[in-house]
Amino acid sequence: MKRRAFLAMLGLSVATTTLSACAGTGTTAKKSEGEGGKVTELNWWSNHPGSSKDVEKELISRFEKENPEIKINLIDAGKDYGEVAQKFNAALTGSDLPDVVVIADVTWYNFAINGQLANVDELAKEAGVDLSSYIKPLYEDYAYDGGHYGMPFARSTPLFYYNKDAWKKAGLPDRGPKDWEEMEDWAEKLKKSDSTMKPFAWANGEGYLSWYFQSVTWSMGGAFSDGWDFKFTDDKTVKAVEWLKEFTAKEKGLSYMTKDLAMDFSSGSVASIVESTGSLGGVTENAKFEVGTAFLPNPTGEGACPTGGAGLGIPAGIPKERQLAAVKFIDFITNTKNTGYWSRNVGYMPVRSDATEDAEQKKFMEENPNFATAIEQLPDTRPQDNARIFLPNGDQEIGGALETIVTSRADVKKTLEDLQKKLEGVYNNQVKPVVKG
C-alpha cells in the first residue's frame with residue numbers, strides 16, 4: 001500500500017500509539033506593544049538539531065529585522081527529537097502550545113493523522129507563501145490526506161565519514177568502500193596500521209542505529225519491511241544482521257558501538273563512521289585531521305540511502321493569526337538564502353531546489369566538497385521502510401534488537417523472529433484494524 005494512501009486511511013484510530021491522541025485547546029494570541037503598534041510573539045520549540053542554537057538565533061534575528069511586527073522566542077524543548085515529541089504531546093492536553101515545533105521523520109505523522117498539525121498548504125495559500133521551490137522528495141515526506149503537515153528544515157541523509165590521515169596511513173584509496181565486505185577488508189588494514197584507533201563505529205539503539213543499518217540491509221538485498229510485509233526473518237535480512245554481529249565481534253577489534261559517533265570520530269578514536277549530514281559542521285570544526293565523506297556503500301545500484309532528519313510543524317490548535325505568522329516565519333528561515341546559511345554552518349542539506357545555484361552556496365560547496373556529498377547522493381535515496389517510521393516505537397524496537405545482538409551476542413535468527421512477531425502484533429492490534437480495503 002502506498003504511503004499516502006495508508007496514512008489517509010489511518011484516521012484518528014491511531015490513538016493507540018505511544019503518543020497520546022488528545023487534542024490541544026490552543027493558545028491565546030500573545031501580543032505586546034512595539035514600534036508601529038502590536039507585536040505578535042511566537043514560540044519556537046526546538047532541540048537545536050546539530051548543535052545549531054546559535055545558528056537558529058541568527059535566523060531569528062534576520063527574520064525579526066525584516067518582520068518587526070513578529071517576535072520569535074526560541075524555546076529549548078528537549079535534547080533530541082523524541083523529547084520534543086514528548087513535550088509537544090504533553091502540551092496537547094492543555095493550552096500552552098508552541099507556534100512552531102520541530103517534528104522528526106518518525107513523529108510527525110502521528111500528530112498529523114490525529115488532527116494536531118495544521119495543513120501548511122492551506123496556510124501558505126492564505127499567507128501568500130510560495131512553497132514550490134522546496135526539494136520535492138523532502139517536501140513530499142510530509143504528505144498526508146491531500147495536504148502537507150510539515151515543512152523541511154533540518155533534513156539529512158546518512159553519510160560515510162572517514163579519517164583521511166588514517167586512510168592514507170593504511171594505504172587505502174581516498175574514497176568510501178564500494179560495499180560492506182570491502183569495508184571489512186579495509187578495517188583489517190586500518191587495524192594493522194594503527195592499533196590505537198578502531199576502524200569503525202556504530203551508533204547504539206537509541207542513537208538511530210535502525211536508521212543507519214536500514215541502508216546496510218538494503219545494500220545486501222534485505223529490508224525491514226516491504227509495505228506491511230515484514231522482512232526481518234527474510235534470509236537476506238538475517239544475513240545482513242549476521243554480518244553485523246561478526247563485524248562487531250570484540251575479538252576481531254574491527255568495530256564497536258557508541259552513544260556518540262561524532263565525538264568519537266572527531267577525537268580520533270575511530271577511523272570511520274556512518275553519521276547524519278547534520279553532524280558535518282561540528283565534525284569538521286572539531287576534528288584535528290582531514291575529514292572525508294562519501295556515499296553509503298551501494299553495490300546493488302538501487303537506492304540504499306534513507307532520508308531523515310526533521311521538519312517544522314504548526315499546531316492545529318492555535319489561532320489562525322498565529323498559524324499564518326508561523327508559516328511566514330518557517331518559509332523565511334528556509335528560503336534559498338537562509339537554507340544555504342543553515343547548511344553551511346550546521347551540515348544539513350539545503351531544502352530549496354535552487355539553493356545550490358546561489359552564488360555563495362555554490363562557492364562554498366566548491367571549496368568544501370564534503371558538504372556537497374549529501375546533495376549528490378540524493379538520487380540514491382529511497383523511502384524508509386514502514387516498520388521503522390509508521391509503527392509506534394518501530395525505530396526503538398528495531399534499534400534495540402540490533403543492539404542486543406551486538407552487545408549481548410544474542411542469536412540473530414531468534415532475536416529477529418521475536419522482533420518480527422512483536423512488530424506484527426503492533427501492526428495487527430493497532431494499525432490493521434483501522435485500515436480499510
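**Entry 1: the cavity**

I began with the lining of the largest cavity and found Trp-180, Trp-202, Tyr-212, Phe-213, Ser-215, Val-216, Val-274 and Leu-296 there. For the record, a cavity here is a set of points on a 1 Å grid over the protein atoms alone where a 1.4 Å probe fits but cannot get out, and lining residues have an atom within 4 Å of a point. I noted a volume of about 30 Å³ for this largest cavity, and the structure holds one cavity of 30 Å³ or more. The volume is the space filled by probe spheres set on the points, with grid points joined across faces, edges and corners. Helix H9 (residues 209-219) gives the most to this lining, with four residues. Helices (H or I, at least four residues) and strands (E, at least two) are DSSP runs, numbered from the N terminus.

A note on sources: this is a predicted model, in which local features need pLDDT of at least 70 and side-chain atom pairs count only at pLDDT 80 or more, while totals for chains, interfaces and linings use all residues. Residues are numbered from 1 along each chain as its sequence is written, and side-chain values use heavy atoms, with hydrogens and water left out.

**Entry 2: aromatic rings**

How many aromatic pairs does a search of the whole structure find? I got 34. Rings of Phe, Tyr and Trp (its six-membered ring) pair if their centres lie within 6.5 Å; planes under 30 degrees apart count as stacked, over 60 as edge-to-face and the rest as tilted. Phe-160 and Phe-200 make a stacked pair, because their centres are 6.3 Å apart and their planes are at 20°. This pair links distant parts of the chain, as Phe-160 is in strand S8 (residues 158-163) and Phe-200 is in strand S9 (residues 200-203), 40 residues apart. Buried means under 20% relative accessible area, exposed over 50%, and partly exposed in between (1.4 Å probe, protein chains only).

Next I looked at Phe-224 and Phe-232, which are stacked at 5.6 Å centre to centre with 20° between the planes. Phe-224 counts as buried at 3%, and Phe-232 does so at 1%.

I also traced a cluster in which ring pairs link Phe-160, Tyr-162, Trp-167, Trp-180, Trp-186, Phe-200, Trp-202, Phe-213, Trp-243 and Phe-247. Trp-180, Trp-202 and Phe-213 are among the cavity-lining residues of my opening entry.

**Entry 3: charges over rings**

I found the charged end of Lys-87 over the ring of Trp-45, 4.6 Å from its centre. Arg-382 lies over the face of Trp-218, at 4.0 Å from the ring centre. The criterion is NZ of Lys or CZ of Arg within 6 Å of the ring centre and within 35 degrees of the ring normal.

**Entry 4: strand S8**

Is S8 enclosed or open? Six of its six residues are buried, so S8 is largely enclosed by the rest of the structure. Pro-158, Phe-160 and Tyr-162 cover one side, and Leu-159, Tyr-161 and Asn-163 the other. In a regular strand the side chains alternate between the two faces of the sheet.

S8 runs antiparallel to strand S13 (residues 272-276), joined by five bridges, with Tyr-162 opposite Ser-272. It also pairs with strand S14 (residues 291-294) in the antiparallel sense over four bridges, and there Tyr-161 stands opposite Thr-293. Two strands pair if DSSP finds at least two bridges between them.

**Entry 5: strand S4**

Strand S4 (residues 100-104) has five of its five residues buried. Val-100, Val-102 and Ala-104 point one way, Val-101 and Ile-103 the other. S4 pairs with strand S16 (residues 308-313) in the antiparallel sense over four bridges, and Ile-103 stands opposite Gly-311.

**Entry 6: helix H14**

Eight of the 11 residues of helix H14 (residues 336-346) are buried, so I marked H14 as largely enclosed by the rest of the structure. Among them are Tyr-341, Trp-342 and Arg-344. Just after H14, Gly-347 takes a positive phi of about 120°.

**Entry 7: positive phi**

Ser-51 has a positive phi of about 55° although it is not a glycine. Ser-51 is exposed, with a relative accessible area of 75%.

Methods: 1 Å grid on protein atoms, 1.4 Å probe; cavity = no way out; pocket = protein on both sides within 12 Å on 5 of 7 lines; lining within 4 Å.
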